[in-house]
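Here's a quick tour for anyone meeting this structure for the first time. Have a look at the sequence and the fold, then read on.

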Amino acid sequence: MELIATATFGLEAVVRREIENLGYDIVKTEDGKVTYKGDFKAIVKSNLWLRAADRVLLKMGETKGSTFEELFQYTKTLPWEDIIPADGCFVVSGTTVKSKLSSLPAVQRTIKKAIVERLCDVYGEDLPETGAEYPVRFTLLKDILTISIDTSGRGLHKRGYRVKTVEAPIKETLAAALVELSFWRGNRILVDPCCGSGTIPIEAAMIGRNIAPGLTRDFVCSRWECINEDIWKSEKKNAYEAINTEGQLDIRGFDIDPRAIESAIENGEAAGVDGDIQFERKNISSLRIPDDGAVIVTNPPYGERIGSKDEVRIVERSLKRIFNEKRTTSLFVITSDKDFEKKMRRKADRRRKLFNGRIETTYYQFHGEKSYAQVHAPLKSDKTDR
């Protein structure tokens, strides 16, 4: 089968690498999605292990169509009965962009009617839709229809550990990607001086411990008849056994807001990584990093959703000072400020355009000098950051 991992714009390469690390062959990478080959086991593993993807879709088909009749006839040819049982509940949703078929409700009705007729031909006229959910999703882009079934249900950023939050929190999937795009490995200190409710440190700890991000939540496909329950049991068992309990991680999260630190501590406990993270209330202006080779990964306030102009200026000046105090410190900052490099008075070694929610941002990567310990530490190779 073909599966589609959807992703925030700019994170496609990160998601692609995660899929390849799971052992699956990539078909193609496009804006916002990565298509790859997989079976039912791949659906389970993808939902359990993908950190930066938004959803995992089971692709049913793709075609070009500019009339409702073409849309109906093509949809009806697809083998929906291979996935959806007689009592399966399926709601059709999607988007239409720059296509002749611009009426979203009309496209939804056409696809729904085609699936119903196909299933009636197989199961008879009785389709109660009282069973498990099989959310049908489509995109109609420039008259190209891609139609799939959503296997995830709630977005993959819903890890389940965020019991308390703060204003404008970063999504867990984006936070994980920021860590994966950094130089950080478990043998180095990671610092988030503007940690908010702790998402970046928590995702780093889960990466450092090799904890599958979907291990403690459920997915809509976990109730599907076509996926054997033994696959779920086996893959969850494998995921628990894969957790790395050796050694100690040194991850630190700071924030000036006591409510944010309170939330971060509770979230870390819920994620089961509180022993690996030190959360502390501290003003970034007084923050010092004594360790060589520290990696700073942060999503500071940049005045669009939170943070006054004065607060933003203080944070920017402090980040510049912290980065310059230790030549081996590496700094990774996501911000919408297009003049951030000027304020740091140096060009970033790498940049990546990303979207934090609907805000266009840049992920600035400033590489510190390598100390002897960093050069000789047994680090996993990472092509993205070479």
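Strand 13 (residues 350-356) pairs with strand 14 in the antiparallel sense, over 7 bridges. Strands count as paired if DSSP finds at least two bridges between them, and helices (H or I, at least four residues) and strands (E, at least two) are DSSP runs numbered from the N terminus. Bear in mind that this is a predicted model, where local features need pLDDT of at least 70, side-chain atom pairs count only at pLDDT 80 or more, and totals for chains, interfaces and linings use all residues. Residues are numbered from 1 along each chain as its sequence is written, and side-chain values use heavy atoms, with hydrogens and water left out.

**Around strand 14**

- Lys353 sits opposite Thr362 of strand 14.
- Strand 13 and strand 14 make a hairpin with 2 residues between them, and Gly357 in the turn has a positive phi of about 70 degrees.
- Strand 14 also pairs with strand 12 (residues 330-335), antiparallel again, over 5 bridges; here Ile334 has Tyr363 as its bridge partner.
- Strand 14 (residues 359-366) is mostly covered, with 7 of its 8 residues buried (buried means under 20% relative accessible area, exposed over 50%, partly exposed in between, with a 1.4 Å probe and protein chains only).

- Strand 8 (residues 190-192) runs parallel to strand 9 (residues 251-255), joined over 3 bridges, and Asp192 stands opposite Gly253 of strand 9.

- Another 7 strands form an open sheet with mixed pairing, in the order 2-3-1-4-7-6-5.
- Its edge strands are strand 2 (26-30) and strand 5 (92-97), each pairing on one side only.
- From one strand to the next, the twist averages 25 degrees.
- Strand 1 (residues 2-6) and strand 3 (residues 33-37) run antiparallel and are joined by 5 bridges; Glu2 faces Lys37 of strand 3.
- Helix 4 (residues 104-123) lies across strand 5, strand 6 (136-141) and strand 7 (144-150), at about 135 degrees to strand 5.

**Helices worth a look**

- The axes of helix 2 (residues 40-49) and helix 7 (residues 229-242) come within 10 Å and cross at roughly 40 degrees.
- Helix 2 and helix 7 are therefore oblique to each other (under 35 degrees counts as roughly parallel, over 145 as roughly antiparallel, 65 to 115 as roughly perpendicular, and the rest as oblique).
- Helix 2 contributes Phe40, Lys41, Val44, Lys45, Leu48 and Trp49 to the contact, and helix 7 contributes Ile231, Trp232, Glu235, Lys236, Ala239 and Ala242.
- Helix 5 (residues 172-180) is mostly covered, with 9 of its 9 residues buried, among them Glu172, Leu174 and Glu180.

Technical notes:
Axes are lines fitted to C-alpha atoms, for helices over the stretch in contact, and angles run from 0 to 180 degrees between N-to-C directions. Contact means heavy atoms within 4.5 Å.
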